[in-house]
Amino acid sequence: MSSCFRIKLPADNKRRSRDLIVKLSSEDETSRQTGIQQRIYLREVCFYRDIKSLVTIPTPDCYFADCEPDGANFALLLEDLSPAVQGDQMSGCSLSLAASAVFALVGLHAPTWRNTQLREHPVLAVASVDESNENYRQLFKQLLPAFLDRYNDQLNDSEKQAFVDVAEAESFPIGRATTERHCLVHGDYRLDNLLIEEKTEPAKTSTAIHVVDWQTISIGNPMIDVAFFLGGSCHPEDRRQSERQIVSGYHSRMQAAGVVEYNWEDCWQDYRLSSYHGFGTAVLASMLAERTSRGDELFLTMARRHAQHAIDLEAAELLN
């Protein structure tokens, strides 16, 4: 949805690197128009300008963030986190990395839990949550036939039926939170949006992560991010082994951070229903962004993993 470049600056008098990352609006017209209509460029600038200081989730330092009022052109000047490397969603990740990524979300969700001021932020606010969710539903239903046609041969019948079930559900399971269980959510929390660095210290190796790509930030249920990561960034056989343990660890950390009214039963049910969040990303992103061969492979991987996730959790019983 955007274009990123590394700016190589001359080293200072202490020979320290001063490379920077600049992120700009996409040069692809389809992606650019989507960025404007969905306000994704405005959202990312909003995060670095107004929200980053409120949360503790690790993100790159931002030195400049601005966007035109209509959301067409934006620019971010960010810290270069090299030698950290981008995660690869298609390759998947270890369960230890998955746990670290999920636990890091507490630094986003807990500080913004039930924050009414954020719901009124001019970029994040919507006139009507119900209307916003219905618009999302109609767009999903409109794009789904083309999505299923494109990937028809690569999806099995159960996977395709899971997508149809979502479109036909009485209560659309994808969208903004309509209950009191809400906070700020990343919305696209997956391996491709993590920069990962292995650090070796005497007798100890640790993994540091930084979260990037804040273009889909919104108000929602926190389990959107948790389910999206575990369902889409882990191989299904690995996820099945440890997902309940990881979700329980996340829940315990949320309570330790002060979110004591969010009980385990609600958390787990929200997690099951949030397994459908990836369906929206797979359909909308594949149909509205510039098409590439890697994109096709990525969206197909997402579609299959998220469909299997919902099937494993028997989430369909929560649809109506």
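Q: Is aspartate 192 buried or exposed?
A: Welcome to this predicted model, where local features need pLDDT of at least 70, side-chain atom pairs count only at pLDDT 80 or more, and totals for chains, interfaces and linings use all residues. Residues are numbered from 1 along each chain as its sequence is written, and side-chain values use heavy atoms, with hydrogens and water left out. Buried means under 20% relative accessible area, exposed over 50%, and partly exposed in between, with a 1.4 Å probe and protein chains only. Aspartate 192 has a relative accessible area of 6%, so this residue is buried.

Q: Which backbone nitrogen does the side chain of aspartate 192 reach?
A: Aspartate 192 sits in the loop between β6 (183–185) and β7 (194–201); helices (H or I, at least four residues) and strands (E, at least two) are DSSP runs, numbered from the N terminus. Its side chain makes a polar contact with the side chain of arginine 294 at 3.5 Å. A polar contact is a pair of N or O atoms within 3.5 Å; within protein, one must be able to donate a hydrogen and the other to accept it, and residues adjacent in sequence count only if both atoms are side-chain atoms. At 2.8 Å, the aspartate 192 side chain also reaches the backbone nitrogen of glutamine 89.

Q: Where in α6 does a kink lie?
A: Helix α6 (residues 129–150) has 22 residues and reaches 31 Å from its first C-alpha to its last, close to the 32 Å expected at 1.5 Å a residue. That expected span is 1.5 Å times one less than the number of residues. The bend at a residue is the angle between axes fitted to the seven residues ending there and the seven starting there. A kink of about 35° comes shortly before proline 145, at leucine 144.

Q: What covers the buried residues of α6?
A: The buried residues of α6 include Val129, Phe140 and Leu144. Contact means heavy atoms within 4.5 Å. The cover includes α5 (116–119), α7 (157–168), α11 (277–288) and α12 (293–312).

Q: How many Å apart in space are glutamine 308 and glutamate 159, C-alpha to C-alpha?
A: Glutamine 308 belongs to helix α12. Leaving aside neighbours within four places in sequence, glutamine 308 is in contact with Pro236, Arg239 and Arg240. Glutamate 159 is 149 residues away from glutamine 308 in sequence, yet their C-alpha separation is 6.9 Å.

Q: What is omega near for the peptide bond from serine 82 to proline 83?
A: Most residues other than glycine have a negative phi, and most peptide bonds are trans. Proline 83 lies in the loop between β4 and β5 (85–86). The bond from serine 82 to proline 83 is cis, with omega near 15°.
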